[in-house]
Amino acid sequence: NHLQLTEGKIIYIHPTQYRMFYRCTIPMSLPALIKRIDYPVKGFYPEELTADIIRKAEIAIIDIHWNYALAGAYQLVKDLKELNPEIIVIAGGMTASMYPEQLTQKLDIDYVIRGDGEIPLPALVNAISEKTDMTHVPNVFGKNGLVTEWSYFLTSKELNKNEFYDLRFFPSYQSDIRKIHKRHFGWPNYTFPYLLPFRGCPMPCPSCAGGIGEQKKLFRRGYVVRDAEKLAGDLSLLNSFKDIRFVNVIHDFVSLMPEDYVNTALSTPNRLSLVYEFTTAPPPERLERLFGTFRRGVLYFSIDKMHTQSDHLIDPSVLINLIEKTKKTGRFIPVLYYNSTFKSNPEYVKVLNAVARQTRCLTADVSGWWEDFPRPDENGIASPESFSKFFDLSQKPKLSVLTKLKRWLVFRLYLVFTFILPDVLLLKIKSAYVRLFNPYLQ
Ligand code: SF4
């Protein structure tokens, strides 16, 4: 009496996100969640789906992690259900978790998994397959009125079990990643692979959904740490993949974790390039350890102690020392991140200018990162008004022919810069642009 979930019966689709630069930006833990499902899952981009694929599928899993995915998910579910009204759609991710009612009512999604999905997702798929009672599956909000207790949240033990780097389930994504690693001169941010020392962040930054305060509302837990030995194993695994040339680290364990954690995680040198974002100033000897572990890279320093979210400035002499050390390696490029929303603070401007001028370091204004995002209440639910707002923002933009042409040209130029010019040159051009046109640094 079981549903036979053989090849092709479970599909994963990454919805179109019009505001993301690359189509291959998927949530970092998604491959690990898919790996936990007991049945074969095949991944697709929406444009790859055919009527045959949709009609054959019993279950469709979609990620709605960033709010950019809302409109794309709406269209996707509509298309799926038009061709296959029986298909069961499961959604998860940070944004899905905040809008379970809207997703089940307006987007016609059958089940939303709230919070962490490591245990609930495979358990829900098993319950669908075995046609058993779903009330024992935690964190589920169903269109059919089923709402189970939100009792599951990730632990270190479970985080340690995650396998983040197997992309075979999603061939076109794997192919995108291979192309980026093959053709890119350097190390683009926000594409696979990432090193994940923690889920959630130990810092309390107010405008970041990863901050400890927001994580408590969104996931009912604080930050969760992956063991240092596991992290060392992740690096060694990535080092063994011949197609992988770089690794991204946007969870700053080097500054935030205890010394022995850092030493264990970075115990073995590898051939990988590194993109690393510091939250605050790392101790100099830890910086040296990064230099000793990776081949080359770009290191993004923050001017303040909260990853550009505050005007609690780092002592300029400390920053200057770290940046000079980085430059001296000849293998690592330092970039100084700042946030122009603090430009009314004269001390902020003074320190930024002093550090940038003395080190002749490349700079980048990242104020654009901290735009608005849906903020949930204590129960992890965001307001219906915010749903409408973010749904509208995620729609395909209506552009005039001229704007489309401009974007097309800018995108081509970006590709030329990114894939043809070496990174050092690219960063120097960017920096020159900032120095010429941004009055903030004058
Ligand atoms: S340090 Fe960075 S990732 Fe962590 S909460 Fe602050 S802004 Fe978010």
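This is a predicted model: local features need pLDDT of at least 70, side-chain atom pairs count only at pLDDT 80 or more; totals for chains, interfaces and linings use all residues.

User: Why is H14 called roughly parallel to H15?

Analyst: Helix H14 covers residues 316-329 and helix H15 covers residues 346-359; their axes come within 10 Å and cross at roughly 30°. Axes are lines fitted to C-alpha atoms, for helices over the stretch in contact, and angles run from 0 to 180 degrees between N-to-C directions. Angles under 35 degrees count as roughly parallel, over 145 as roughly antiparallel, 65 to 115 as roughly perpendicular and the rest as oblique. That is why H14 is roughly parallel to H15.

User: What makes a run a helix or a strand here?

Analyst: Both are DSSP runs, numbered from the N terminus: helices are H or I with at least four residues, strands are E with at least two.

User: Which residues of H14 and H15 meet?

Analyst: Contact means heavy atoms within 4.5 Å. From H14 come Pro316, Leu319, Ile320, Ile323, Glu324 and Lys327; from H15 come Val351, Val355, Gln358 and Thr359. The contact of H14 with H15 has six nonpolar, two polar and two charged residues. Ala, Val, Leu, Ile, Met, Phe, Trp, Tyr, Cys and Pro count as nonpolar, Asp, Glu, Lys and Arg as charged, and the others, Gly among them, as polar.

User: What makes H3 roughly perpendicular to H16?

Analyst: The axes of helix H3 (residues 70-83) and helix H16 (residues 384-393) come within 7 Å and cross at roughly 80°. That angle makes H3 roughly perpendicular to H16. Leu70, Ala71 and Tyr74 of H3 meet Phe387, Phe390 and Phe391 of H16. This contact has six nonpolar, no polar and no charged residues.

User: How do H13 and H14 lie to each other?

Analyst: Helix H13 (residues 284-293) packs on H14 at an angle of about 20°, with the axes 11 Å apart. H13 and H14 are therefore roughly parallel. Pro284, Leu287, Glu288 and Phe291 of H13 touch Asn321, Leu322, Lys325, Thr326 and Thr329 of H14.

User: Which residues surround the ligand?

Analyst: The shell is Cys201, Met203, Cys205, Cys208, Gly211, Thr279, His307, Gln309 and Trp370. A residue is near a molecule if one of its heavy atoms lies within 4 Å of it. By class, the shell has five nonpolar, four polar and no charged residues.

User: Where do the domain bounds come from?

Analyst: They come from an automatic or database domain assignment. Domain 1 is 10-142, and domain 2 is 187-365 + 426-441. Their centres, taken over C-alpha atoms, are separated by 32 Å. Eleven residues from domain 1 and twelve residues from domain 2 take part in the contact.

User: Which peptide bond is cis, and which residue other than glycine has a positive phi?

Analyst: The cis bond joins phenylalanine 192 and proline 193, with omega about 0°. Proline 193 is in the loop between helix H8 (171-183) and strand E7 (198-199). Aspartate 108 has the positive phi, near 65°. Aspartate 108 is in the loop between helix H5 (100-105) and strand E5 (111-113).

Key. Residues are numbered from 1 along each chain as its sequence is written. Side-chain values use heavy atoms; hydrogens and water are left out.
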